[in-house]
Amino acid sequence: MRITNILICGIGGQGVLLFSDILGEVAMESGFLVKKSEVKGMAQRGGSVISHLRFGKEVYSPLIPLKEAHFLVSMEKVEALRYLDYLKDDGILITDDFYVPPLPVLIGETEFDFSIIDKNLKEKVKNLYYVPCQEMAKELGDVRVSNIILLGFLSNFLDFKLEDYFKVLERNIKKQYLEINKKAFLKGREFFSQ
Amino acid sequence: MAKALLSGNEAVARGAYEAGCQVACAYPGTPSTEILEEISKYKEIYCEWSVNEKVALEVALGASLTGARSLCAMKHVGLNVASDPLFSSAYIGVNGGFIIVTCDDPGMHSSQNEQDNRFYGLFAKIPVLCPSDSQEAKDLVIKAFEISEEFDIPVILRMTTRVSHCKSVVSLGERKEKGIKGYKKDVSKTNLLPQFAKRRHVLLEEKIERLKEYSNNFVYNRFEKRSDDLLVIADGVAYQYAKEVFKDASFLKLTMVYPFPDKLVTNICQNYKEIIVVEEVDPFIELMVKSLGFKVKGKDYLPKFDELNPDKLKVFIKRDTKEEAKTDNLPRRPPALCPGCPHIGTFYLLQKKDYIITGDIGCYTLGALAPHYAMDTCVCMGASITLACGIEKVNKRINDGRPIIAIIGDSTFFHMGLPGLLNMVYNKCDIILFILDNETTGMTGHQDHPGTGKTLTGEETKRILPEDIARACGVEQVYVLNPYKIKENKKIIDKLLKEKKQAVVVMREPCIFLKKREKPKEVDIELCTGCKLCIRLGCPAISYEDSKAKINKIFCVGCGMCIEVCPKGAIK
């Protein structure tokens with residue numbers, strides 16, 4: 001059986017690691033072997049963050065080879081573009097629809113024309129989905145659940161049971177935040193059919 | 001059997017629990033930190049944040065001498081700090097099983113070098129086990145305790161970032177209590193006076209010979225026969241990458257890399273014409289295999305720097321695999337100080353000046369980068385103060401009048417700054433020492449230390465303050481400032497920089513992750529003149545759009561530093 005490769009990226013603090021932790025555990029609950037890799041520490045401080053997630057019957061490398069990701073899931077558009085090399089030619093890119101200028105641009109040390117992002121993404125990716133997770137999270141009243149909205153959207157493409165997602169959410173999220181996270185997951189999941 | 005998705009570090013903790021470990025010590029350091037954080041969840045194990053790695057190794061060794069199974073964990077460079085007792089511990093041996101976990105960081109995701117700690121095994125004569133995933137990490141902790149007790153020797157468990165921070169499925173077992181044998185006097189074993197140490201060295205060499213036989217028969221040194229032509233030898237996570245790429249090759253997976261299983265390797269290698277060694281960083285296995293007389297392909301193909309990945313291994317199959325990159329010339333997103341980080345307040349006052357600024361290890365090392373450019377050096381834990389001492393002595397002789405500033409964080413100060421402070425006072429160095437006290441060990445994810453008043457398990461303890469230590473050492477000018485009060489601080493700091501006399505300045509304000517956010521600040525665009533003074537703070541919450549400053553409400557924590565620097569009162 002084939003391996004499924006999912007690369008998740010974003011900016012430190014957006015919840016990339018929680019996203020991949022939850023999805024990894026859901027894959028395990030469904031009987032797959034799972035490998036998940038990420039880096040922490042200084043590399044994470046407001047910087048670009050990625051997590052590699054792979055599951056299947058037999059998985060060796062915790063890192064996804066270039067051009068082998070079935071899904072690239074991004075919480076910010078510049079980062080989506082940064083890691084495009086990992087995506088298979090027929091892979092699916094799901095990204096939030098906003099960008100955060102990196103610090104070198106903010107302080108005027110580097111210039112960058114952000115209008116090229118959408119143009120490039122549309123040119124280079126056949127299967128492209130924009131999901132305004134941060135906007136939807138604001139509607140729910142907590143911007144921090146953007147990552148779970150994105151997970152909910154991705155769940156439409158994966159063969160895992162809804163109850164498994166909820167079981168794992170319950171295990172990983174503090175009680176007082178559980179309800180809003182479940183709502184966020186469903187909001188993302190339903191966005192697909194809109 | 002119950003199973004869980006565990007990181008390598010969580011699996012080490014689980015292994016320690018199941019093996020009946022009684023004592024665990026560490027100083028936090030990426031990528032090793034989570035080992036002790038996880039162990040602290042098991043009430044059966046005494047655990048502590050020790051003040052540095054040397055202390056951690058010695059506390060764990062002391063516990064082992066009582067007959068308790070014990071463990072210490074550290075990042076690769078931590079083992080340099082702990083190397084003095086490491087070498088002695090090989091001579092002394094153990095009573096209860098004793099494991100030293102070192103987490104190396106190929107790729108330097110959060111480190112100052114890429115040293116390969118497998119060589120410590122060879123150097124200190126201590127067996128080295130290299131797990132390649134979480135299940136092995138757990139199993140090998142249990143095995144390492146057994147080896148340690150059977151051979152009366154410490155055992156090094158060598159992890160790397162991609163083993164420590166990769167999650168995979170692990171089967172969980174029950175804890176098996178081992179009991180505590182109790183401390184027994186045995187001076188000729190535990191006191192390395194020369195006459196005793198000579199005997200201990202002979203014994204150690206004998207143990208290593210016996211361990212070599214053990215390694216030859218060690219089940220985790222595993223031969224996987226598939227091809228008659230190509231043999232791949234690999235250890236650690238490199239084995240996983242190689243399995244991904246060389247699907248039809250035979251594999252010799254090495255797990256105990258020291259003592260090196262020479263007979264096993266010889267027996268297998270002699271049947272193969274083509275041998276590839278895949279390992280990260282240094283050619284450790286390659287050197288060993290070559291010393292047995294075999295030709296191998298290894299570091300003449302693979303880089304000796306940075307971490308490996310499956311793509312890099314493709315050089316063995318096809319040279320020059322570079323494909324055209326799809327990604328454009330994107331602006332980098334380097335790690336940066338967080339919005340509202342109290343360190344920003346210190347660096348704002350020191351930025352872009354012709355001061356000599358020696359730095360240290362922590363989040364604040366980012367002060368070296370744009371926009372502050374306020375840190376010249378980062379060498380190792382504690383080196384800020386001592387490098388400054390050396391610079392000061394020479395600059396006085398050549399009348400270089402630039403102020404000399406040393407910057408160190410609170411946790412780093414307790415770790416290895418104390419000897420530097422003593423040296424600075426004892427040898428009369430006119431250094432302005434900034435201790436950036438954010439009341440935690442920030443970069444590794446907020447661990448307690450002697451200055452927080454809390455232990456690893458959250459117990460209250462004496463809080464030791466850096467300013468009290470400085471005064472006790474005889475420093476005459478000691479200030480404690482709030483880094484957010486930029487205007488007030490400027491007067492004091494400017495005076496110190498002008499006088500250039502010995503001083504200690506503690507900049508105290510908790511890390512933003514340890515306190516409640518205040519209401520985000522806003523820019524009144526009628527009043528903002530676009531002077532960019534607030535941009536110079538380097539706060540990621542502030543940007544410059546349409547010739548005006550703009551504050552990102554999601555990022556802003558409301559610290560108010562921008563209000564301090566705005567000359568027009570445009571921020572509220």
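Mentor: The crossing of H5(A) and H6(A) is right-handed; a crossing has this hand if the near helix is turned clockwise from the far one by less than a right angle, and is left-handed if the turn is anticlockwise. The model is predicted, so local features need pLDDT of at least 70 and side-chain atom pairs count only at pLDDT 80 or more, while totals for chains, interfaces and linings use all residues. Residues are numbered from 1 along each chain as its sequence is written, and chains are lettered from A and ligands numbered from 1 in the order in which they are written.

Two packed helices are described by the angle and the distance between their axes. For helix H5 (residues 133-140) and helix H6 (residues 146-154) of chain A, the axes come within 8 Å and cross at roughly 115 degrees. Such axes are lines fitted to C-alpha atoms, for helices over the stretch in contact, with angles from 0 to 180 degrees between N-to-C directions. Helices (H or I, at least four residues) and strands (E, at least two) are DSSP runs, numbered from the N terminus. On the H5(A) side, A:Cys133, A:Gln134, A:Met136 and A:Ala137 meet A:Ser146, A:Ile149 and A:Leu150 of H6(A); a contact requires C-beta atoms, placed from the backbone, within 7 Å. These contact residues comprise 5 nonpolar, 2 polar and no charged. Here Ala, Val, Leu, Ile, Met, Phe, Trp, Tyr, Cys and Pro count as nonpolar, Asp, Glu, Lys and Arg as charged, and the others, Gly among them, as polar.

Chain A also meets chain B. This contact takes 45 residues from chain A and 43 residues from chain B. From chain B, the elements that each supply at least two residues include strand S8 (166-171) and helix H11 (236-245), and H11(B) gives the largest share, 5 residues. The side of chain B that touches chain A has 22 nonpolar, 12 polar and 9 charged residues. Strand S2 (residues 33-38) of chain A pairs with S8(B) in the antiparallel sense over 3 bridges; two strands pair if DSSP finds at least two bridges between them. In this pairing, A:Ser37 stands opposite B:Cys166. A:Leu103, in helix H3 (residues 103-106) of chain A, touches B:Pro334, B:Ala336 and B:Pro540. A:Leu103 is buried, with 25 other C-beta atoms within 10 Å. A residue is buried if 20 or more such atoms lie within 10 Å of its own, exposed if 12 or fewer, and partly exposed in between, with C-beta atoms placed from the backbone.

Within chain B, an open sheet of 7 strands has the order S3-S2-S4-S5-S7-S6-S12, with mixed pairing. Strand S3 (46-49) and strand S12 (256-258) of chain B stand at the edges with a single partner strand each, so one side of each has no neighbour in the sheet. In strand S7 (residues 155-160) of chain B, 6 of the 6 residues are buried, so the strand is largely enclosed by the rest of the structure. S7(B) runs parallel to S5(B), joined by 6 bridges, and B:Ile156 is the bridge partner of B:Ile100. Strand S6 (residues 128-129) of chain B also pairs with S7(B) in the parallel sense, over 2 bridges.

How values were computed
Two residues are in contact if their C-beta atoms, placed from the backbone, lie within 7 Å. Lists of a residue's contacts leave out its neighbours within four places in sequence.
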